[in-house]
Number of protein chains: 2
Amino acid sequence: MAGHRALDFDADELASAIEEFTRNNIRLPARDKYSFTTLSVLHTLTRKGPMRLTALTATEQITQPAVTQLVTRLEGEGLVERHPAPEDRRAVLVRVTDAGARIINGRRQERVRRFTELADQLTPEERHSIAAALPALTRMAALMDGQV
Amino acid sequence: MAGHRALDFDADELASAIEEFTRNNIRLPARDKYSFTTLSVLHTLTRKGPMRLTALTATEQITQPAVTQLVTRLEGEGLVERHPAPEDRRAVLVRVTDAGARIINGRRQERVRRFTELADQLTPEERHSIAAALPALTRMAALMDGQV
DNA sequence: CGGACTTATTTAAACTGCTTATGCAATTCC
DNA sequence: GGAATTGCATAAGCAGTTTAAATAAGTCCG
C-alpha cells in the first residue's frame with residue numbers, strides 16, 4: 001500500500017527538487033549559442049555512438065524532418081558527420097566529430113564546476129547524505145529513461 | 001583543497017544524474033501542448049504570486065518583448081490575467097488564473113506519480129538513502145537559484 | 001521475378017515563438 | 001519643469017519547428 005511508502009519517501013519533495021534543478025539547468029544552454037535540442041542530440045550521440053536519424057528521432061522529442069534539418073545544420077558547423085549505413089543504403093549514420101564532443105565535454109566540466117561550488121556551501125553532513133544517495137539517484141535516473 | 005572533497009562527494013556523478021533527470025523531465029512539456037517557457041512562467045507565477053512583466057523577464061530566460069507576447073498569448077487562453085499595478089501606472093501585474101494553476105497542479109501530480117513509480121523499483125535501502133538526502137538536495141536546488 | 005507495400009530520409013511550405021529595434025507613456029531626478 | 005530613466009507594447013525579421021509530399025531502397029508475397 002501507499003502508506004508505508006509515504007513514511008520513508010516523499011516523492012513530491014523529490015519531484016520539486018528535481019524540477020528546480022531542471023529549471024535552473026535549462027538556463028545553461030541559453031548562454032552558449034546552442035539550443036537545448038542541439039545539445040541533447042550531441043549528448044546522445046556522444047553517449048551512444050553513431051546513430052541513425054530514425055533512432056535520434058525516437059530519443060529526442062522532435063519530428064523526423066526536424067532531425068534531418070538539425071543534423072544538416074550541425075554538419076555545416078562541423079559538429080557531426082553523416083556516414084552511409086553499411087547494411088541499408090537508405091539509412092544514414094550520424095556521428096559526433098571531435099569538435100562536437102569537445103562542446104559536450106566543456107559543458108560537463110562547467111556543470112561539475114557549478115555543482116562543486118554548490119557542494120562547498122553545504123554542511124559536511126549534507127554532502128555525505130547526497131554522496132550516500134548518489135548510486136540510488138543514478139539508478140533512478142537510468143530507470144526514468146525507460147519510463148515511456 | 002579539492003582532495004578531501006573528492007573523497008566524500010563526486011560532483012561529476014551528481015551532475016550526470018541531474019542531467020539525466022533534466023533530459024527526461026524536459027520531455028514532459030512536449031507531450032502537452034505547452035512549451036517549456038509557458039510552463040516555467042505559470043510555475044513561477046504560481047509560486048511567487050502576481051508579478052510584473054519586468055520581474056518575469058528577470059526570472060525567465062527570455063527578453064522583455066518575448067514576455068509581453070507570451071503573456072498576451074496566455075491571457076488569450078485564459079491562463080493568466082493582466083492587472084494594473086497600484087503604485088505605478090506604467091506597470092502591469094500578471095496573475096495566474098485558476099485554469100493556469102490547474103495546469104501546474106496537474107503537472108506536479110504527474111511528476112509525483114512518475115517519481116513514485118520509479119521509487120517503487122528501488123530497494124528500501126535506496127529509497128532511504130534518497131529520503132535522507134532530500135533536505136540537502138532541496139537546499140542545493142535553492143542555492144542554485146542564486147548561482148547567476 | 002515483379003508489383004505492392006513499407007521504411008529511411010529529404011524537400012518544401014507554413015507557422016510559432018523568439019530576437020532586435022523602436023515607440024510611447026509614466027516616473028524619477030536634479 | 002525639462003532630461004533621463006523605466007515599464008511595457010508594437011513591428012519586423014529570423015530560427016527552428018511542424019505537416020505534407022517526394023524520392024529511393026528494402027521487403028514481401030503470389
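A:Ala99 counts as partly exposed, because its relative accessibility is 26%; on this scale buried means under 20% relative accessible area, exposed over 50%, and partly exposed in between (1.4 Å probe, protein chains only). A:Ala99 has its place in helix α7 of chain A, residues 98–120. Helices (H or I, at least four residues) and strands (E, at least two) are DSSP runs, numbered from the N terminus. Not counting residues up to four places away in sequence, A:Ala99 touches A:Gly78 and A:Leu79, where contact means heavy atoms within 4.5 Å. A:Val80 is 19 residues from A:Ala99 along the chain, and the two C-alpha atoms are separated by 8.3 Å.

This is a predicted model, in which local features need pLDDT of at least 70 and side-chain atom pairs count only at pLDDT 80 or more, while totals for chains, interfaces and linings use all residues. Residues are numbered from 1 along each chain as its sequence is written, chains are lettered from A and ligands numbered from 1 in the order in which they are written, and side-chain values use heavy atoms, with hydrogens and water left out.

The sheet of chain A comes next. It is open, has three strands in the order β1-β3-β2, and its pairing is antiparallel. Its edge strands are β1 (51–52) and β2 (80–84) of chain A, each of which pairs on one side only. Two strands pair if DSSP finds at least two bridges between them. In chain A, β1(A) and β3 (residues 92–96) are joined in the antiparallel sense over two bridges, and A:Arg52 has A:Leu93 of β3(A) as its bridge partner.

Chain B also has an open sheet of three strands, ordered β1-β3-β2 with antiparallel pairing. Here β1 (51–52) and β2 (80–84) of chain B stand at the edges with a single partner strand each, so one side of each has no neighbour in the sheet. Between β2(B) and β3 (residues 92–96) of chain B there are five bridges, and the two strands run antiparallel. One residue pair is B:Glu81 with its bridge partner B:Arg95 in β3(B).

Helix α5 of chain A contains A:Thr57. A:Thr57 is buried, because its relative accessible area is 18%. Leaving aside neighbours within four places in sequence, A:Thr57 is in contact with A:Ile62, A:Thr63, A:Gln64 and A:Val67.

The relation between the two chains can be stated as a rotation and a shift. Chain B is superposed on chain A by a rotation of 179 degrees with 0.0 Å of shift along its axis, at an RMSD of 0.2 Å. This is therefore the relation of a two-fold axis. The superposition is by least squares on the C-alpha atoms of residues with pLDDT of at least 70 in both copies. Both copies use the same surface, as 100% of the contact residues of chain B recur in chain A. B:Thr22 comes closest to the rotation axis of the residues of chain B, at 2.5 Å (C-alpha).

Of the atoms of DNA strand C within 4 Å of the protein, sugar or phosphate holds 63% and bases the rest. The surface near DNA strand C divides into seven nonpolar, seven polar and seven charged residues. In this scheme Ala, Val, Leu, Ile, Met, Phe, Trp, Tyr, Cys and Pro count as nonpolar, Asp, Glu, Lys and Arg as charged, and the others, Gly among them, as polar.

Several atom pairs involve the phosphates of DNA strand C. For B:Thr37, a polar side-chain atom is 3.4 Å from a phosphate oxygen of DNA strand C. The elements giving two or more residues to the surface near DNA strand C are α5 (53–59) and α6 (64–76) of chain A and α6 (64–76) of chain B.

DNA strand D likewise has 21 residues around it, and A:Thr63, A:Gln69, B:Thr54, B:Arg82 and B:Arg90 come nearest. Sugar and phosphate make up 59% of the atoms of DNA strand D that come within 4 Å of the protein. A side-chain N or O atom of A:Gln69 is 3.0 Å from a base oxygen of DNA strand D.

Definitions and conventions
Near = heavy atom within 4 Å. Polar contact = N/O pair within 3.5 Å; in protein donor to acceptor, adjacent residues only side chain to side chain.
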